[in-house]
Amino acid sequence: MKQFNVTGMSCAACSARVEKAVSDVNGVTSCSVSLLTNSMGVEGTAAPAEIIAAVEKAGYGATEKGKAAEKPDENALADKETPLLKQRLIWSVGFLAVLMYFSMGHTMWGFPLPAFFEGNHVAMGLVQLLLTVAVMVINQKFFVNGFKGLVHRSPNMDTLVALGSAAAFVYSTYALFAMTDAQLAGDSQAVMSYMHEFYFESAAMILALITVGKTLEARSKGKTTDALKGLMKLSPKTAVILRDGVEVEIPADELSVGDVFIVRPGAAIPADGTVTEGHSAVDESAVTGESIPADKTVGDRVFAATINQSGFMKCKAVRVGENTALAEIIRMVSDAAATKAPIAKAADKVSGIFVPTVIAIAAVTTVIWLLAGESFGFALARGISVLVISCPCALGLATPVAIMVANGVGAKNGILFKTAAALEEAGKTAIAVLDKTGTVTSGKPAVTDIIPANDADENELISDAYSLETKSEHPLARAVTEYAEKSGATRFDVTNFKALPGNGLTASCGNDVLSAGNLKFVKTAADIPEDMITISEKLSESGKTPLFFCKNRRLTGIIAVADTIKEDSRQAVSELKNMGIRVVMLTGDNERTAKAIAAQAGIDEVISGVLPDGKEAVVRKLMTEGKTAMVGDGINDAPALTRADIGIAVGAGTDIAIDAANVVLMNSRLSDVPAAVRLSRAALRNIRQNLFWAFFYNAVGIPLAAGALIPLFNLRLNPMFAAAAMSLSSFCVVSNALRLNLVNIRDTHKDKKIKTKKEKKAMSVTMKIEGMMCGHCEATVKKALEAVPGVISADVSHEKGEAVVTMSDVIPFDVLKKAVEDKDYKVEC
């Protein structure tokens, strides 16, 4: 995706126009414009020059983001708009205060004026004109952008403000000249009549009040990126590296892969790397959202911007600059802000025609009141009110501000949504499919049970196991040695070590002969009591691997090893169920092991013995039953992650899995899955509130401004109050979005169940097929049939010469027949 900065946009109509202009360029496949960040993401083969030209032709400016812009930069998100608007506002209010003193203070409240102005109404009008011109010059941006938009036939919010203010100013200027003629003619009654036709204060007040709203809006918009700016501030500016054995301090940007850097207690780690010397506790909350410091020792990974809390460490740089985990987080959050959520489509459609429609309504309103017999000044005031009360900004900001804030909250908690669509869809999840190894379980074998034989001691069992397994490189052996080290067991040196693949180990320890392995192997080295065999069978049934140990042909006991579930897995599954989400565990393991792990985690539905391509087929079937999220970590999960409505990758997983997913959990905790759903639902709720307010405000405000209630209640809206209402509408929308910062995504008290889509009734058809001779033929036919859209699964048997095809919808038999015959097999019926 090519990224561009866009200048000159002031409302949703602007972003919609830029998006349309770029989408029409040959070679552009998709375009997404963000009013919040004034940025644009474009996909396709179109040249950057063509895209920039299209934006400029639409009346706006654009520049391509270069490599420097891709690197996280706090200055890029600095709030440069608010200080300028504050300056404009201060000067505007200063001149406006003087104007209001002359126009209303003297006439309404009798404020004193210099003697020169007593009875000199023309001088009073001239001062008001000059003060109004001063306010208009200060706020000339409204007129420049507004009329520029008209010239390019792309009117925007600035156009509405400029037209409203200019109309009031021009009519007031006409009234001033007409009053001058009346005064010269000595017609005092006409002079007083024209005095009441002055709208100079309205012209200036409209600009000042809109500037107030713009200032509040800019300040609030600046806060939406606080989480992102907070992450950027964490990046250390310098690093201490070793060069020829000497410590040298250099800018962190100059670090290279392979450099050895030093991190002292209290310092921030400057790059992603591995520990080569020392050990410490590191605060990784910036990257993972985990508040408890992680212990680090030689060989462990460390991340840029995390804080070394206690010990001294030497680390080797693996990823530097824009390739660090922190930079990737910042890039994901920024890219997500540049995309659009599906829910924003309705607002985009309205925004595209909003401003022209409002201008037409204002013109029609003015004409209708004139035809009704009202004065031109009265009719004009109604038209101006319509122009300045309408607010396309609120429509344009309703979605992106909520997306930006929610993404910031997610990033602080180690949950990254790659796109706005992913953030929206996660909250609609009806089915959560969980991979077993590395997702529900830790993915690392650990000792679960120590069972000494009747005549043996537990310490003796652990010591013998420690001594023997130390020589083995098997993952189960590592689990035993780690447990022994933690328990402080004694290790003895062994000789004559032999590893018999698939069976067990033997070695000599002094005058003793040690053996270990599975039941079949150890039976040849010792007599196994029946009660120990029964125990081992029960351990196997619960998904554990029993390892038998014996010394001098005497059984010393059993040590059970298993891939244990993560600490938070059971709680996470419980939370998902409470949300009304159906939880399914998917694994390639055997049914017995899978069911044992599922029981521990509280999962009721298990699909076991599934190959990688089979996982994708299962997910495809489940998608017909409801919005499906796939949670996985391995290469074998990538097809299923890509196929699912929402792919969620745990951060400790492979790069391929992370690339295939829509959501990344940096902390690798399963409890982050319900937290992500919770955050998505809160963001979606906030967006709906914003859109409701934006549509409701315009739906009520425009008729009110047009004078719809004047015949019934004589309720009329002064243009100044209309401008005040407009200025507050966008501020309210942005402020509401900022409330997402207060959401506790770990709080389960407000969880609500959602209605899942009813399962579609699957249909099946049996096909008789000739020519299948082996399992390879079966696989070929199965793959061909399951590639047909609408096919859920195909059960193929070469022995029976048939295929049973299960479909989510009616598929013509000829389509299925052609899919098989294209693979050179004959379909009988």
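Predicted model: local features only at pLDDT ≥ 70, side-chain atom pairs only at ≥ 80, totals over all residues.
Biologist: How do you know that the span of H6 agrees with 1.5 Å a residue?
Modeller: The expected span is 1.5 Å times one less than the number of residues. For H6 that should give 16 Å, and the end C-alpha atoms are 16 Å apart, so the two agree. Phe 142, Phe 143, Asn 145, Gly 146 and Gly 149 of H6 are buried.

Biologist: Why is Thr 439 called buried?
Modeller: Buried means under 20% relative accessible area, exposed means over 50%, and partly exposed is in between (1.4 Å probe, protein chains only). Thr 439 has a relative accessible area of 0%, so it counts as buried. It sits in helix H18, residues 436–440.

Biologist: Which residues does Thr 439 touch?
Modeller: A contact means heavy atoms within 4.5 Å. Leaving aside residues up to four places away in sequence, Thr 439 touches Lys 566, Ser 569, Val 631, Gly 632, Asp 633 and Leu 670.

Biologist: Phe 198 lies in a loop; why does it count as buried?
Modeller: Its relative accessibility is 5%, and that puts Phe 198 in the buried class. The loop runs between helix H8 (188–195) and helix H9 (200–224). Beyond residues up to four places away, Phe 198 touches Gly 125, Gln 128, Ser 172, Ala 175, Leu 176 and Met 179. Its C-alpha atom is separated by 10.0 Å from that of Val 170, 28 residues apart along the chain.

Biologist: What makes S1 and S3 a pair?
Modeller: Two strands pair if DSSP finds at least two bridges between them. S1 (residues 2–7) and S3 (residues 39–44) have four bridges, in the antiparallel sense. Asn 5 stands opposite Ser 39 in S3. S1 also runs antiparallel to S4 (residues 61–64), again with four bridges, and there Thr 7 stands opposite Gly 61.

Biologist: In the sheet S2-S3-S1-S4, why are S2 and S4 placed at the edges?
Modeller: The four strands form an open sheet with antiparallel pairing. S2 (28–34) and S4 each have a single partner strand, so one side of each is left without a neighbour in the sheet. S2 and S3 are joined by six bridges, with Ser 32 opposite Gly 41 in S3.

Biologist: How do you know that H1 packs on the sheet?
Modeller: Helix H1 (residues 12–23) touches S1, S2 and S3, and its direction makes about 165 degrees with that of S2. Such angles run from 0 to 180 degrees between N-to-C directions, and axes are lines fitted to C-alpha atoms, for helices over the stretch in contact. Helix H2 (residues 48–57) packs there too, touching S1, S2, S3 and S4.

Biologist: Why is H14 called roughly parallel to H30?
Modeller: Angles under 35 degrees count as roughly parallel, over 145 as roughly antiparallel, 65 to 115 as roughly perpendicular, and the rest as oblique. The axes of H14 (residues 376–389) and H30 (residues 719–738) cross at roughly 10 degrees and come within 8 Å. That makes the two helices roughly parallel.

Biologist: How many residues of each class are in the contact of H14 with H30?
Modeller: Nine are nonpolar, one is polar and none is charged. Ala, Val, Leu, Ile, Met, Phe, Trp, Tyr, Cys and Pro count as nonpolar, Asp, Glu, Lys and Arg as charged, and the others, Gly among them, as polar. On the H14 side are Ala 381, Ile 384, Ser 385, Val 388 and Ile 389, which meet Pro 719, Ala 722, Ala 723, Ala 725 and Met 726 in H30.

Biologist: What makes strand S22 mostly covered?
Modeller: Four of the five residues of S22 (residues 582–586) are buried.

Note on methods:
Residues numbered from 1 in each chain as written. Heavy atoms only, no water.
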